[in-house]
Structure formats: structure tokens, C-alpha cells
Amino acid sequence: MFPCIEIRPDGILHNLKIMKQRCAENGMSLSVVTKMLVGYEPLVRYLVEEGEIKAICDSRVENFMEFVDIKAEKWLIRSPMLSQVKDVVKFTDVSLNSELDVLRALNEEAEKQNKRHKVILMYECGDLRDGCYKDELVYLAGEVLKMPNIELYGIGNKPQLCQRGASERKKYGSFRERSQRSSREIRHKASDSFRRCIQLN
């Protein structure tokens with residue numbers, strides 16, 4: 001007999017509501033990372049509808065293909081591959097980015113699909129995965145603002161990955177400084193949403 005996992009939706013929803021309330025008390029909103037639910041559409045739909053969740057996040061584009069009818073903003077929480085740009089624009093609303101070639105491809109594809117895709121520019125804080133360094137962040141932000149079919153939605157980093165090497169406080173301070181500098185330099189052009197600093201845990 002194979003082992004099985006018993007999923008208790010009511011228990012997950014209970015915990016979700018507690019976390020949502022605590023986030024609200026601290027001026028934050030809560031999103032559901034659906035890859036932790038193995039992309040199981042009925043459970044994702046249940047949590048979004050009963051928990052009144054506004055955004056769902058996943059690192060797998062194919063999972064979003066199952067969530068087409070779920071009424072929530074859909075975030076791809078990694079940088080899109082060029083080969084997936086068409087599906088990213090079609091099935092998601094927001095993606096994390098740090099490469100100019102990908103941003104240009106998203107802009108071109110969004111024009112073809114008559115859509116406006118939102119992007120979060122990721123700031124590199126030491127993990128060497130998917131972020132921009134220093135002045136590159138400002139440069140990419142300026143380039144995005146020239147692209148009519150994508151929206152500069154914010155700046156993000158992954159603070160739990162900042163613990164290697166220098167202290168997390170120092171790394172996060174650098175992130176804040178860069179995001180604020182970027183915002184100052186392009187404030188007159190960017191959307192209001194850009195003025196947010198977004199942390200992705």
C-alpha cells in the first residue's frame with residue numbers, strides 16, 4: 001500500500017485567515033504560493049474564494065494554465081524563460097525580472113496579445129540567482145518605462161537569501177537604498193505602484 005497525504009482544507013483556511021489578519025495589522029497583504037499546494041486547482045480555488053485572497057503565486061507556468069478561471073492576480077515568482085514568454089503573458093499578470101532581453105520579449109508578446117504585463121525588478125542581495133546589481137536596477141527601470149506594454153509594478157528581493165556573507169540588516173539596507181534611489185530617479189514617470197518596496201519571502 002502506497003503512503004498518502006491527507007489534506008484538510010478547513011485547517012489550511014483557518015491558518016490562512018489568521019496569517020491574513022496579522023498581515024493586515026502590519027500593513028501587508030497576503031498571497032497564496034500555490035506550488036506548496038502542488039497546483040491542485042480545487043484547493044487553490046477554495047482558499048482564494050473562502051479566504052478572499054487577491055493574489056496567487058507559483059514558479060511553474062504550467063500550473064497557471066489550470067487557474068485560468070480563478071479570480072485572483074497571478075504572479076510568476078521567478079524570471080521567465082524566453083521560451084515561455086508567450087504562456088507567461090497569456091496565463092499570468094505579474095512576473096519577476098532582471099534581464100533586459102526577457103523584458104523586451106515580454107513587451108513584444110504583450111503587444112501581440114493586446115495585454116499589459118506587470119513586472120517586478122529583482123534586486124540582487126548576495127544569492128547570485130535572479131537579481132540586478134546596483135546601477136543596473138535603475139537602468140532596467142528606465143528601460144521598462146520606455147516599453148508601452150509592460151508596467152513597472154515594483155522592486156523586490158528575497159530577504160531570507162540575504163543571510164550569506166554580510167548581515168541581513170546590511171543587505172536589506174542596501175536594498176532599501178537602491179529601491180528608494182530608483183524611485184526618486186524615475187518617480188515622475190512611474191506608476192504609483194512602483195513606489196512600493198516588495199519583499200518576496
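Here are some questions and answers about this predicted model.

User: Hello! How many helices and strands are there in the protein chain, and what pattern does the chain follow?
Analyst: Welcome! The protein chain holds seven helices and seven strands. Read along the sequence, the pattern is α-β-α-β-α-β-α-β-α-β-α-β-α-β.

User: What percentage of the residues of the protein chain count as buried?
Analyst: A residue counts as buried when its relative accessible area is under 20%. The protein chain has 201 residues, and the share that counts as buried is 47%.

User: Among contacts with a separation of 6 or more, what share comes from residues 24 or more positions apart?
Analyst: Take the contacts in the protein chain with a separation of 6 or more. Residues 24 or more positions apart account for this share of them: 55%.

User: Are the axes of helices α1 and α2 parallel, perpendicular or oblique?
Analyst: Two packed helices are described by the angle between their axes and the distance between the axes. Helix α1 covers residues 9–25 and helix α2 covers residues 41–51; their axes come within 10 Å and cross at roughly 45°. That angle makes α1, relative to α2, oblique.

User: Which residues of α2 meet α1, and how do the residues of the contact divide?
Analyst: From α1, the residues taking part are P9, D10, I12, L13, L16, K17 and K20. In α2 they meet L43, Y46, L47, E50 and G51. The residues of this contact divide into seven nonpolar, one polar and four charged.

User: Which elements do the buried residues of α2 pack against?
Analyst: The buried residues in α2 are E41, L43, V44, L47, V48 and G51. These buried residues pack against two elements, α1 and β2 (55–58).

User: Where is N114, and is N114 buried or exposed?
Analyst: N114 is placed in the loop between α5 (100–112) and β5 (117–122). Its phi is near 55°, a positive value in a residue other than glycine. With a relative accessible area of 72%, N114 is exposed.

User: Which residues does D93 touch, leaving out residues up to four places away in sequence?
Analyst: D93 sits in the loop between α4 (85–91) and β4 (94–97), and its 31% relative accessibility makes D93 partly exposed. D93 and A72 are 21 residues apart in sequence, while their C-alpha atoms are 9.4 Å apart in space. The residues D93 touches are A72, E73, K74, H117 and K118.

User: Which residues is N149 in contact with, beyond its neighbours within four places in sequence?
Analyst: N149 is found in the loop between α6 (134–144) and β6 (150–157). Its relative accessible area is 14%, so N149 counts as buried. Its contacts are N107, A110, E111, K115, R116 and H117.

User: How many disulfides does a search of the whole structure find?
Analyst: C4, at 70% relative accessibility, counts as exposed, whereas C23, at 12%, counts as buried. For disulfides, the search of the whole structure finds zero.

Methods
Residues are numbered from 1 along each chain as its sequence is written. This is a predicted model: local features need pLDDT of at least 70, side-chain atom pairs count only at pLDDT 80 or more; totals for chains, interfaces and linings use all residues. Side-chain values use heavy atoms; hydrogens and water are left out. Axes are lines fitted to C-alpha atoms, for helices over the stretch in contact, and angles run from 0 to 180 degrees between N-to-C directions. Helices (H or I, at least four residues) and strands (E, at least two) are DSSP runs, numbered from the N terminus. Angles under 35 degrees count as roughly parallel, over 145 as roughly antiparallel, 65 to 115 as roughly perpendicular and the rest as oblique. Contact means heavy atoms within 4.5 Å. Ala, Val, Leu, Ile, Met, Phe, Trp, Tyr, Cys and Pro count as nonpolar, Asp, Glu, Lys and Arg as charged, and the others, Gly among them, as polar. A disulfide is a pair of cysteine sulfur atoms within 2.5 Å. Buried means under 20% relative accessible area, exposed over 50%, partly exposed in between (1.4 Å probe, protein chains only).
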